[in-house]
Amino acid sequence: MSQWNQVQQLEIKFLEQVDQFYDDTFPMEVRHLLAQWIEGQDWEAASNNETMATILLQNLLLQLDEQLGRVAQEKNLLLIHNLKRIRKLLQGKYHGNPMHIAVVISNCLREERRILAAASMPVQGPLEKSLQSSVVSERQRNVEHRVAAIKNSVQMTEQDVKYLEDLQDEFDYRYKTIQTIDQDDKNSILVKQEVLTLQDMLNTLDFKRKEVLSKTTQIISEIDTLMKNMLLEELLDWKRRQQIACIGGPLHSGLDQLQNCFTLLAESLFQVRRQMEKLDEQSIKVSYEGDPIPLQRPHLQEQVNFLIYNLFRNSFVVERQPCMPTHPQRPLVLKTLIQFTVKLRLLIKLPELNYQIKVKATIDKNVSTVSNRRFILCGTHVKAMNMEESSNGSLSVEFRHLQPKEMKSSAGGKGNEGPHMVTEELHSISFETQICLYGLTIDLETNSLPVVMISNVSQLPNAWASIIWYNLSTNDSQNLVFFNNPPTAALNQLLEVLSWQFSSYVGRGLNSDQLNMLAEKLTVQQTSCNDGQLSWAKFCKEHLPGKAFTFWVWLEAILDLIKKHILPLWIDGYIMGFVSKEKERVLLKDKMPGTFLLRFSESNLGGITFTWVDQSENGEVRFHSIEPYNKGRLAALPFADILRDYKVIMAENVPENPLKYLYPDIPKDKAFGKHYSSQPNEVSRPTERGDKGYVPSVFIPISTIRSDSTEPRSPSDLLPMSPSVYAVLREHLSPTVIETAMSSPCSAD
């Protein structure tokens with residue numbers, strides 16, 4: 001079943017997550033119509049290869065043309081219209097930057113895999129539960145409801161101000177009219193009645209002015225309370241969700257809703273400000289003793305301006321954190337002289353600000369004393385915000401060509417820093433701008449989450465560990481001295497994040513049994529793990545007991561192995577992976593002979609092995625574990641083919657494949673058959689095509705097990721032996737002779 005078909009069968013709550021990341025950047029219609037073709041391309045590789053990305057973009061447009069031809073025959077007018085629009089959109093958007101669409105599609109496919117993995121997990125982790133709290137959802141609804149109520153109140157006050165204006169104009173006219181009457185006529189009854197009417201009008205005017213000012217005071221108080229107690233908390237929650245999404249967690253959402261709230265409040269505040277100006281004008285035209293406008297308006301105006309400043313300063317956010325397109329799953333790790341992208345958004349969307357706000361990017365603006373290393377940003381570091389670049393029309397700007405460059409230090413400190421010191425240094429990218437609007441000048445500044453700067457890709461794993469630990473452990477977005485004294489992390493939350501590394505990077509998360517094994521590995525001989533807490537040193541700096549590497553280096557090597565060599569098997573769920581030697585024997589001891597399971601090596605970095613169970617002649621249960629296969633050996637032969645072709649020679653027996661059933665009882669070919677690179681041939685004959693007279697050779701993995709041992713000795717390397725040669729050997733040589741040959745010192749070469 002294709003990945004897209006699996007996505008369509010998800011529950012509605014997961015489908016809503018999928019809906020959030022498909023927009024005009026990459027429309028869902030294209031994903032649906034070209035599902036099989038899209039999943040068959042290597043978009044991740046294309047995101048780092050412009051030539052490959054260009055070809056894929058051209059092929060994508062050709063695929064859309066074919067779909068257009070098909071729907072034209074069906075005379076589906078609506079679909080024809082949409083496909084033409086989408087084709088034009090994609091061609092215009094990505095023609096000059098084909099690698100960007102490769103990044104977008106790669107991210108979408110990866111996010112689908114993460115959601116599929118999350119849907120397959122029986123229980124949400126504590127961190128994900130906290131992010132999806134019903135209290136948070138209720139507050140979101142309350143914020144939207146109160147913002148709408150404030151907007152309505154401001155509109156009602158607008159009507160009151162208009163009524164005041166009309167009332168004052170009438171009073172002003174009648175007052176000026178009576179002033180023109182001759183002195184002799186002012187004592188007439190009609191004039192006296194008019195004077196009484198004017199007095200009533202003035203009393204009404206005074207009452208209405210006080211009423212409008214009272215309503216305005218109430219509105220300002222409600223906006224202030226809403227911003228302090230709810231809106232800014234909602235923004236902080238969004239920033240926290242963004243932190244967690246950066247380290248593999250659920251896709252963060254809600255920014256569009258926040259933008260709507262910020263924009264409506266800004267519009268309301270500016271409308272209140274204009275109402276204050278109108279009241280001031282009215283007071284200048286008609287003033288009297290005890291007039292409330294001169295007494296109250298300056299203070300109210302000051303409050304409104306303060307709220308506008310505060311609202312704008314909080315509305316300037318980093319929508320997408322710094323990330324190298326070459327490593328989309330590792331945001332916030334930047335390599336010197338390699339381009340990265342970052343996107344800013346102003347949550348107050350006012351048309352008059354389009355192309356009027358220029359944003360400047362800098363690094364280490366507020367230099368700390370943590371490190372002697374200093375950086376500058378090369379490339380286009382000043383750009384204008386606009387509403388055209390974003391698919392949803394938000395006021396944003398995306399920097400795509402920034403490169404960090406390290407400045408040479410006269411102190412020579414760089415050469416004295418170890419690898420952990422470099423990857424524990426945190427730096428900050430700052431963005432600043434100035435807004436001039438309606439007579440107000442507002443300076444805005446925001447910062448990215450802390451980034452780790454590396455100069456060599458070998459530093460990437462430890463740098464990523466620092467990013468994980470920081471964003472898991474703190475809500476503070478600017479604690480650049482965090483690693484001077486890193487806090488402990490809750491073990492259950494860390495395990496959840498580790499599962500996210502697998503779901504986001506290799507498409508399948510970890511189940512409870514796998515996570516329990518990792519927990520045991522992290523806490524063995526752990527003196528600093530109290531109350532379910534784990535230290536940074538135990539996670540990333542201290543070697544595992546009896547090993548020459550840390551826990552994180554071991555885990556990262558497994559991720560790399562899965563990604564590059566055994567990804568389909570992992571996604572299918574056929575690799576148990578994280579199981580100790582002791583546990584695997586418990587699992588296998590009561591199973592049928594030939595039952596095996598796959599696990600990652602605990603002693604070799606980036607190694608995978610398999611263990612099977614059989615019985616001796618006297619019925620004794622025996623376990624056999626093969627020497628781990630690393631990425632070097634798996635590059636020569638696919639792992640599924642190894643499982644299919646693996647042979648064992650035991651004593652006088654004929655070589656045979658001992659692997660029959662994948663734990664618990666799945667026939668091997670049923671589990672791995674679709675992943676075999678080709679069907680094995682029995683005996684190949686010389687072919688007249690290609691190199692005439694030669695029999696094509698294949699690699700066959702073979703091990704020997706001595707009769708006096710229940711454990712296999714180290715297996716020989718993969719032997720380049722053709723099936724025909726192997727068949728001839730079996731016909732002319734006894735198993736003993738074959739075993740003797742394999743046991744000779746030359747056989748390992």
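Ser503 is buried, with a relative accessible area of 5%, where buried means under 20% relative accessible area, exposed means over 50%, and partly exposed lies in between, as computed with a 1.4 Å probe on protein chains only. The model is a predicted one, in which local features need pLDDT of at least 70 and side-chain atom pairs count only at pLDDT 80 or more, while totals for chains, interfaces and linings use all residues. Residues are numbered from 1 along each chain as its sequence is written, and side-chain values use heavy atoms, with hydrogens and water left out.

Ser503 belongs to helix α16 (residues 491-506); helices (H or I, at least four residues) and strands (E, at least two) are DSSP runs, numbered from the N terminus. A polar atom of the Ser503 side chain lies 3.1 Å from the backbone oxygen of Trp500. When neighbours within four places in sequence are left aside, Ser503 is in contact (heavy atoms within 4.5 Å) with Arg113, Arg114, Ala117, Arg508 and Gly509.

## The five-stranded sheet

Five strands form an open sheet in the order β15-β14-β13-β17-β18, and the pairing is mixed; two strands pair if DSSP finds at least two bridges between them. The edge strands of this sheet, each pairing on one side only, are β15 (621-625) and β18 (666-667). Strand β14 (residues 608-615) runs antiparallel to β15 and is joined to β15 by five bridges, and Trp612 has His624 in β15 as its bridge partner.

Helix α19 (residues 551-571) packs on this sheet, where it touches β13 (595-600) and β14, and its direction makes about 150° with that of β13. Such angles run from 0 to 180 degrees between N-to-C directions, and the axes are lines fitted to C-alpha atoms, for helices over the stretch in contact. Helix α20 (residues 581-588) lies across β13, β14 and β15, and runs at about 160° to β13.

## Strand β13, covered on both faces

In a regular strand the side chains alternate between the two faces of the sheet. In β13, Thr595, Leu597 and Arg599 on one side and Phe596, Leu598 and Phe600 on the other are all buried, and both faces are thus covered; six of the six residues of this strand are buried.

Strand β13 pairs with β14 in the antiparallel sense over five bridges, and Leu597 stands opposite Thr611 in β14. With β17, in contrast, β13 runs parallel and is joined by two bridges, and here Phe596 stands opposite Leu662 in β17.

Glu656 is placed in the loop between β16 (647-650) and β17 (661-662). Not counting residues up to four places away in sequence, Glu656 touches Tyr646, Lys647 and Val648. The C-alpha atoms of Glu656 and Asp645 are separated by 9.1 Å, and these two residues are eleven residues apart along the chain.

## The four-stranded sheet

A further open sheet has four strands in the order β1-β3-β7-β5, with antiparallel pairing. Its edge strands are β1 (316-323) and β5 (374-378), each of which pairs on one side only, and from one strand to the next the twist averages 35°.

Strand β3 (residues 340-346) and β1 pair in the antiparallel sense over five bridges, and Cys323 stands opposite Thr341 in β3. Helix α12 (residues 255-285) packs on this sheet, touching β1 and β3, and the direction of helix α12 makes about 35° with that of β3.

Conventions: A polar contact is a pair of N or O atoms within 3.5 Å; within protein, one must be able to donate a hydrogen and the other to accept it, and residues adjacent in sequence count only if both atoms are side-chain atoms.
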